[in-house]
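Open the model in your viewer and keep the selection panel at hand. The tour goes stop by stop, each with something to select.

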Amino acid sequence: MGSWVRMKYHGICCWERRAVIVAILEVNKITIKFGGLTAVSNFSLNLKEGEIVGLIGPNGAGKTTAFNAITGIYVPTSGSIMFQGNDITRLLPDKITKLGVARTFQNIRLFENMSVFENVLVGHHLRIKSSFIDATFRTPKYNREEKMMRDQTLELLEKVNLTEYLNEKASSLPYGQQRHLEIARALATRPKLLLLDEPAAGMNPKESEELMEFLKQIRDKFNLTILLIEHHMQVVMGICERILVLDHGITIAEGTPDEVQNNQKVIEAYLGVELDA
Ligand SMILES: Nc1ncnc2c1ncn2[C@@H]1O[C@H](COP(=O)(O)OP(=O)(O)OP(=O)(O)O)[C@@H](O)[C@H]1O
């Protein structure tokens, strides 16, 4: 992909093809109000393909609300959201997922009594083309598609190193692996953009380290762009290339981990909270 740019070399004009850095997500000045409460105010965000970006801020700052708007759970009061050039501001969550946006939630939401394999298989169902009739009568079309989904599930589990737990009940996995499984299930919907709401919540230092490695690996293996909300500062500072800070719904800072850590407004917003904890 590229665009033509007019250049001047030694006084001579010419046109040169330049690579364009594509914004995969453009959030344009969204405001989200709940009655008299403005949860998010004039929030803007541009994500470039392949970035890992952090969204941080004290409790109640509006981070999850912003996620909910991007994933179609809330319609912003004003502003717009573009994903790969499509206006998704008013689309329903399943349509947005189909376009390539997946997410995980603050609390792990696995099908606890289903196996690891089944949990990921469910994620693949979003892409199924067979009809209800095909499924009921198990037509050749359905059988072919089901086999393909099962193969893709095995392939995905291998890519995220969960094959050894294949037949285990989701709830029996170690906590850190449950988080990985939840992310794997989101990956089964074949996202281009992955939103993670506090993926390191409740993790011990070893699990957090593993999570950071895991996120870098899946970003590269699946060509993902990742936006994550996180309170765990070591994780945020460790993997995010860029960070936005929300406070009372307002973006108070944006920059590299170093810039954000040394920003006076951020330090004040987090007063009492150790940013390097
Ligand atoms: N559905 C809702 N109805 C009314 N108020 C809401 C709703 N959802 C969120 N809020 C309010 O909006 C504000 C922002 O909440 P939000 O959950 O987005 O914050 P957050 O930054 O994600 O916080 P945390 O880090 O604690 O998860 C809070 O004051 C919250 O009480």
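In which helix is Tyr175 found? Tyr175 is found in helix H6. Bear in mind throughout that this is a predicted model.

**Stop 1: Tyr175**

Select Tyr175 and show its surroundings. Tyr175 is exposed, because 11 other C-beta atoms lie within 10 Å and a residue with 12 or fewer counts as exposed. Leaving aside residues up to four places away in sequence, Tyr175 touches Gly202, Met203 and Glu207. Tyr175 and Ile108 are 67 residues apart in sequence, yet their C-alpha atoms are 9.5 Å apart in space.

**Stop 2: H6 against H7**

Select residues 175-187 for helix H6 and residues 205-221 for helix H7. Their axes come within 10 Å and cross at roughly 20°. H6 is therefore roughly parallel to H7, since angles under 35 degrees count that way. The crossing of H6 and H7 is right-handed.

Colour the two sides of the contact separately:

- From H6: Tyr175, Gly176, Arg179, His180, Ile183 and Leu187.
- From H7: Glu207, Glu210, Leu211, Phe214 and Ile218.

Tyr175 from the previous stop is one of the H6 residues here. By class, this contact of H6 with H7 has 6 nonpolar, 2 polar and 3 charged residues.

**Stop 3: H6 against H3**

At what angle do H3 and H6 pack? The angle is about 30°, with the axes of H3 and H6 7 Å apart. H3 passes H6 in a right-handed crossing.

Show these side chains:

- From H3: Val116, Asn119, Val120, Val122 and Gly123.
- From H6: Leu181, Ala184, Arg185 and Ala186.

The contact of H3 with H6 divides into 6 nonpolar, 2 polar and 1 charged residues.

**Stop 4: H3 against H5**

H3 and H5 pack at an angle of about 120°, and their axes are 9 Å apart. The crossing of H3 and H5 is right-handed.

Select the contact residues:

- From H3: Val116, Phe117, Val120, Leu121 and His124.
- From H5: Met149, Arg150, Gln152, Thr153, Leu156 and Leu157.

The residues of the contact of H3 with H5 are 7 nonpolar, 3 polar and 1 charged.

**Stop 5: the ligand**

Centre the view on the ligand. Around the ligand, select Phe34, Leu37, Ala39, Gly57, Asn59, Gly60, Ala61, Gly62, Lys63, Thr64 and Thr65. This shell holds 4 nonpolar, 6 polar and 1 charged residues. Strand S4 (37-48) and helix H1 (63-70) each supply at least two residues of the shell. Which element gives the most to the shell? H1 does, with 3 residues.

**Stop 6: H1**

Of the 8 residues of H1, 7 are buried, so H1 is largely enclosed by the rest of the structure. The buried residues are Lys63, Thr65, Ala66, Phe67, Asn68, Ala69 and Ile70. Lys63 and Thr65 also belong to the residues surrounding the ligand. Step past the end of H1 to Gly72, which has a positive phi near 85°.

**Stop 7**

Go to Lys29, in strand S3 (residues 23-34). Lys29 is not a glycine, but its phi is positive, about 45°. Is Lys29 buried or exposed? Lys29 counts as exposed, because it has 12 C-beta neighbours inside 10 Å.

Then jump to His248, in the loop between strand S11 (242-247) and strand S12 (250-255). The phi of His248 is near 50°, a positive value in a residue other than glycine. His248 is partly exposed, with 15 other C-beta atoms within 10 Å.

Notes: Residues numbered from 1 in each chain as written. Predicted model: local features only at pLDDT ≥ 70, side-chain atom pairs only at ≥ 80, totals over all residues. Near = placed C-beta within 6 Å. Helix = DSSP H or I, 4+ residues; strand = E, 2+ residues; numbered from the N terminus. Nonpolar A, V, L, I, M, F, W, Y, C, P; charged D, E, K, R; others polar. Axes fitted to C-alpha atoms, helices over the stretch in contact; angles between N-to-C directions. Parallel < 35°, antiparallel > 145°, perpendicular 65-115°, else oblique. Left-handed = near helix turned anticlockwise from the far one by under 90°. Contact = placed C-beta atoms within 7 Å. Buried ≥ 20, exposed ≤ 12 C-beta atoms within 10 Å, placed from the backbone.
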